[in-house]
Amino acid sequence: MSEDCLFCRIVSGEMTSDIVYETDEVLAFRDISPQAPVHVLVIPKAHIATISEAPTDAGLFDKLYAAAFEVAKKEGIFEEGFRTVFNCHKKGGQVVFHMHMHLLGGRQMRANS
């Protein structure tokens, strides 16, 4: 856990969030500045700054996508369609440096949105 990380503070319970899914290793909560009717962030509970630092052999991505699929089903967007996005590093659009996946849905996605 990183003390100055916003998402680590959510994981620890120090900060509140609208949590929609949780396992021992993964947490999913609503984005505070949604870009779609459904906009959920799916994160590993362990602090990993970017996807480029994520272990590739630990099944972490499988767990994150399994969580995203469960949230998509719960939110009613699994069948109609949704988007998942990882931003990596500043030039890739990453703002919070705790690895996270955006799950977006509930509207027609455009190629540039």
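Predicted model: local features only at pLDDT ≥ 70, side-chain atom pairs only at ≥ 80, totals over all residues.

**Entry 1: Gln94.** Leaving aside residues up to four places away in sequence, I found Gln94 touching Ala49, Thr50, Asn87, Cys88, His89, Met99 and His100. I placed Gln94 in the loop between S4 and S5. Is Gln94 buried or exposed? I noted 4% relative accessibility; the cut-off for buried is under 20%, so Gln94 counts as buried.

Next I asked what the side chain of Gln94 reaches. Another goes to the backbone oxygen of Val96, at 3.0 Å.

**Entry 2: strand S5.** I followed the chain on to S5, residues 101-105. I looked up how many of its residues are buried, and the result was 5 of 5. Met101, Leu103 and Gly105 point one way from the strand, while His102 and Leu104 point the other way, and all are buried.

Which strands does S5 pair with? Strand S3 (residues 38-44) runs antiparallel to S5 and is joined to it by 5 bridges. In that pairing I picked out His39, whose bridge partner in S5 is Leu104. S4 is also antiparallel to S5, again with 5 bridges. Here I noted Thr84, which has Leu103 as its bridge partner in S5.

**Entry 3: aromatic rings.** I then turned to the rings and counted 7 aromatic pairs. For Phe61 and Phe86 the centres are 5.7 Å apart and the planes stand at 70 degrees; over 60 counts as edge-to-face, so this pair is edge-to-face. Phe61 belongs to helix H2 (residues 60-74) and Phe86 to strand S4 (residues 82-86), so I wrote the pair down as a link between distant parts of the chain, 25 residues apart. Phe61 is partly exposed, at 26% relative accessibility.

I checked Phe78 and Phe82 too: their ring centres lie 5.9 Å apart with planes at 25 degrees, so they are stacked. Both sit in the partly exposed class, Phe78 at 30% relative accessible area and Phe82 at 27%.

Which residues do the ring pairs link into a cluster? My list reads Phe61, Tyr65, Phe69, Phe78, Phe82 and Phe86.

**Entry 4: a charge over a ring.** Last, I looked at Lys73. Its charged end sits over the ring of Phe78, 5.0 Å from the ring centre.

Key: Residues numbered from 1 in each chain as written. Heavy atoms only, no water. Phe/Tyr/Trp six-rings, centres within 6.5 Å; stacked < 30°, edge-to-face > 60°. Helix = DSSP H or I, 4+ residues; strand = E, 2+ residues; numbered from the N terminus. Buried < 20%, exposed > 50% of the residue type's maximum accessible area, 1.4 Å probe, protein only. Lys NZ or Arg CZ within 6 Å of the ring centre and 35° of its normal. Pairing = 2+ DSSP bridges. Polar contact = N/O pair within 3.5 Å; in protein donor to acceptor, adjacent residues only side chain to side chain. Contact = heavy atoms within 4.5 Å.
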